[in-house]
Amino acid sequence: MIELIEVAERARTGPRLEEMEWNMMLFRKMQELIKEYDLRCRGVEEFINTDDSLADDAFRAACDFIVDVGAYCISTNRVIHFDEAEVKKAVREAPKQVLMGEGKDARVFRQGQVDGLEPININPGHHAPFTEDLGSLVAKNFAQIPRTDFIEGFNLPAVDGRDIYGQPLEAYAAIREVAWMREGVRKAGRPGLAIVLYPITTRASSLIAPMNPQLGLRPTDGLLMSTLPDVKVEYDHITTAIVFSSYGYFAVNGSFGMAGGFCGGPEGALIEGIVRPIIGYMTYGDSLHYTGVEHLAYVMGERIILHPINWARSVVYQALCRNTNLIYMDWNITCSELCTETGLLENAIRSVEATVNGAALYAPRVSRAKMNAGQTPVEPEFMIEVSDATLKAKLKRAEAGKILQQIANQLRGRSPEKGKTTQECYDLVKHKPSPEYEAIYHQVKKTLSQHGLEFT
Amino acid sequence: MEKSEYIKKLREAILSYDAEAALRIAKDAINAEVDPIEAIENGIAAGIREVGEKFQRFEVFLPHLVMASDATTEAMKVLVDAVPKDRVGAVKRGRIVVGTVEGDLHDLGKNVVVMMLKAAGFEVFDLGKDVQTNVLVERAQDLDADLIAVSSLMTTTRPYQRELVEELDRLGLRTRFKVLVGGGPVTKEWAEEIGADGYGRDAMEGVAEAKRLLGIED
């Protein structure tokens, strides 16, 4: 891996470029690569890519992007360049597995396999907004899910009843966030479970503040340190990576391509979805990546969009699996809210997709989550069941794609459903769903069984 | 060439994202004594509105909005100058300062709003992301803006939208500028709570709110 101080130096001395010039250059390069490598969905309604050569072409397009264009540092308005040898070395040397947590709660989080047969890794919760009064209780609930490998923190509107303004409060809020998480996992009987700090802001001060082997982030914990959309990086993250590199930690990178943005449509977004994990590793040392492709309208909670976004997402996962050691995850966001049939159907589609593409599951939540209404333990537990059913049926990509098409037909033309808050449909004290949510869960499972998934 | 032909070609130049053609045709149109207001409304505005609608349907993407906006800007330089002083009000919709609040580096949603506001005919000054409150206020004053639009995509940076409203109040500028808020964790209830003038759930709503706040009827 290139030394972090070398990355910092390149960010300081690389060619200057205005940000909008970079954005448009990215778009033009993506269009050029799409044409050169003929990256397009070749099946009318292919939900999951089954063309391995296409995945490999997509990977080559991503490498060409990095070598020809690079990454952009928004802190210095300069381009960071990498050469081909550095890129090849990075994808080969990136860790294929990460040991996280400690004691009996230590877990190995590893790169999955396309059409693999092993259970997938999971972070079941957070990266969603919760108020501080629910802090440790929410963490406890998600840590109680036996298959949890790590838990990420949450967005906070206030700490100690105060709005979080300025670096002093940001640092304090970050420390409290980790403290609540630590308390929660202890209450769940999993004191060594790995915690990932969700950034209060992306300023280095608030990322570094909770570093404390006894009471805060341990060397076996992690940080969310994402590259920015449009292949951008920034100084605060490079700084944080430098500080933590000698401490020991693992870093998570949010790195999907957003169709509709500067990368263009799904084809450009899939290139970005491959580029950003590589850049995340090379610039920040990120070792886990929730990536793939999303659509602007989906992320905004406006429309349930499936094909061809699912197809593009599968190309990203397959490209990474076939050509790199990078550990990739699927961030399951749903347009529909909690305690809805469509919400669980969206979860199911993503779970089947992730499983056959070898992607771990990451923090399922409502895409445009309101306060205390982003997630409950039902969704990840349900997704684990769906994933296991997929493995049990030994579903490969082609068959899984057909099942997904059937499920998608049920969602066709339906608008996102309004739902409930976390506490309206889940009892966080008793750790159980409301009767209404439980009934919906059973109904959706029955529907999925009719489509060929066998639940134990 | 017929005057209507110039207007048609202006619209086409916007739809083909051709800034050079837009500028050239705008100059030719003025030389041919085409009414600049008509050229703006039925040529430029019609073209960029259509691009905006295509974006809403996801037929084109953000870069297309940028290119259409660039073409619009080129043509408008010439056309606005040609509008008689007593009719300038007909083409000036309002001046808007936009930014993502301090501590927040998310800007995709903000970028979409900027482009859609431009497509709707507003003069937009994009201050970028991680913009401190005092910078938003100072730039709005320097530019003699009508509205300040701020985006926040993190729950933890949302309070800076409140800070903006409070700062305008403190400086005695609260009624001078309209405040429009938006972003992932931002809701109508939040906007009301902090005393913002308007809220946009998405870019289209943001544009509609900007029009409402500035008294523009289409």
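Predicted model: local features only at pLDDT ≥ 70, side-chain atom pairs only at ≥ 80, totals over all residues.
- Chain B splits into domain 1, covering residues 3-90, and domain 2, covering residues 95-213.
- Taken over C-alpha atoms, the centres of domain 1 and domain 2 of chain B are 26 Å apart.
- Where these domains meet, domain 1 of chain B gives 11 residues and domain 2 of chain B gives 8 residues.
- On the domain 1 side of that contact, helix 3 (36-56) and helix 4 of chain B are the elements that give two or more residues.
- Helix 3 of chain B gives the most to this side, with 6 residues.
- By class, the domain 1 side holds 6 nonpolar, 4 polar and 1 charged residues.

**Where chain B meets chain A**

- This contact involves 28 residues from chain A and 20 residues from chain B.
- On the chain B side, helix 4 (62-82) and helix 7 (159-170) are the elements that give two or more residues.
- That side of chain B is made up of 10 nonpolar, 6 polar and 4 charged residues.

**The parallel sheet of chain A**

- In chain A, 8 strands form an open sheet with parallel pairing, in the order 5-17-16-14-12-10-9-6.
- Strand 5 (122-123) and strand 6 (150-152) of chain A are the edge strands, each pairing on one side only.
- Strand 16 (residues 327-334) and strand 17 (residues 360-366) of chain A run parallel and are joined by 5 bridges.
- Within that pair, Asp330(A) sits opposite Leu361(A) of strand 17.

**Strand 12 of chain A**

- In strand 12 (residues 250-254) of chain A, 5 of the 5 residues are buried, so this strand is largely enclosed by the rest of the structure.
- Each face of strand 12 of chain A is covered, with Phe250(A), Val252(A) and Gly254(A) buried on one side and Ala251(A) and Asn253(A) buried on the other.
- Strand 10 (residues 222-224) of chain A pairs with strand 12 of chain A in the parallel sense over 3 bridges, and Leu223(A) stands opposite Ala251(A).
- Strand 14 (residues 288-291) of chain A also pairs with strand 12 of chain A in the parallel sense over 3 bridges, and Val252(A) stands opposite Leu288(A).

**Helix 1 of chain A**

- Helix 1 (residues 4-13) of chain A has Leu4(A), Val7(A), Ala8(A), Arg10(A) and Ala11(A) as buried residues.
- Seen down the axis of helix 1 of chain A, its buried residues fall within an arc of 160°, so they line one face of the helix.
- On the face turned away from the buried side of helix 1 of chain A lie the exposed residues Ile5(A), Glu6(A) and Thr13(A).
- The cover over the buried residues of helix 1 of chain A includes strand 1 (71-73), strand 2 (78-80), helix 8 (235-245) and helix 9 (266-284) of chain A.

Terms used:
Residues numbered from 1 in each chain as written. Chains lettered and ligands numbered in written order. Buried ≥ 20, exposed ≤ 12 C-beta atoms within 10 Å, placed from the backbone. Helix = DSSP H or I, 4+ residues; strand = E, 2+ residues; numbered from the N terminus. Arc of directions from axis to C-beta. Contact = placed C-beta atoms within 7 Å. Nonpolar A, V, L, I, M, F, W, Y, C, P; charged D, E, K, R; others polar. Pairing = 2+ DSSP bridges. Domains from an automatic or database assignment.
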